[in-house]
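Hi everyone, thanks for coming. Let me put the model up, and then we can walk through a few backbone details and the packing.

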Amino acid sequence: MEPFKYRLFVCIRERPLGKSACAASGAHEIVSLLKSEIAQRDLAAEIKVNTSSCLDLCSGGPHLIVYPEGIWYSGLTAEHVVPFIETQLIKGERYQPCVRDEAELNDFFEGVKEKKRTV
Ligand code: FES
């Protein structure tokens, strides 16, 4: 049984200079802000912030996934953190400025899977 209402996985992957990666896009700051804002709202017992390695999107990060729904977000900045928490994690609604389109993601990951099948 999942003990948390929400579990976030935030990619903090670093890659060689010149390659897009979530760490270079501010992922560590986003993780820190998410944890502190969640703690300030006394929600740490309900919402767990985890870090992850690469989620395969890389450019346009940082990228994160909200479970149990599996909702993807990209490009969160420090200014997005509070409205993201209030909209997605408190109201349970998609935070539109950064939520990813599910159909577009499905198409993207079908391409990723196809590449892995042919390697
Ligand atoms: S580096 Fe974050 S998705 Fe690849």
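Let's start with C58, which is partly exposed, having 17 other C-beta atoms within 10 Å. By that I mean between the two cut-offs: buried is 20 or more other C-beta atoms within 10 Å of a residue's own, exposed is 12 or fewer, and C-beta atoms are placed from the backbone. Before I go on, this is a predicted model, where local features need pLDDT of at least 70, side-chain atom pairs count only at pLDDT 80 or more, and totals for chains, interfaces and linings use all residues. Numbering runs from 1 along each chain as its sequence is written.

C58 sits in the loop between β2 and β3, with strands (E, at least two residues) and helices (H or I, at least four) taken as DSSP runs numbered from the N terminus. Its phi is positive, near 65°. D42, in the loop between α1 and β2, also isn't a glycine and has a positive phi of about 60°. D42 is exposed, with 8 other C-beta atoms within 10 Å. For context, most residues other than glycine have a negative phi, and most peptide bonds are trans.

Now the cis bonds. G61 to P62 is cis, with omega near 0°, and P62 is in the loop between β2 and β3. Y67 to P68 is cis too, with omega near 20°; P68 belongs to the loop between β3 and β4.

Finally, what does L34 touch? Leaving aside residues up to four places away in sequence, L34 touches L8, V49 and V81, a contact being C-beta atoms, placed from the backbone, within 7 Å. Thanks, everyone!

How values were computed
Contact = placed C-beta atoms within 7 Å.
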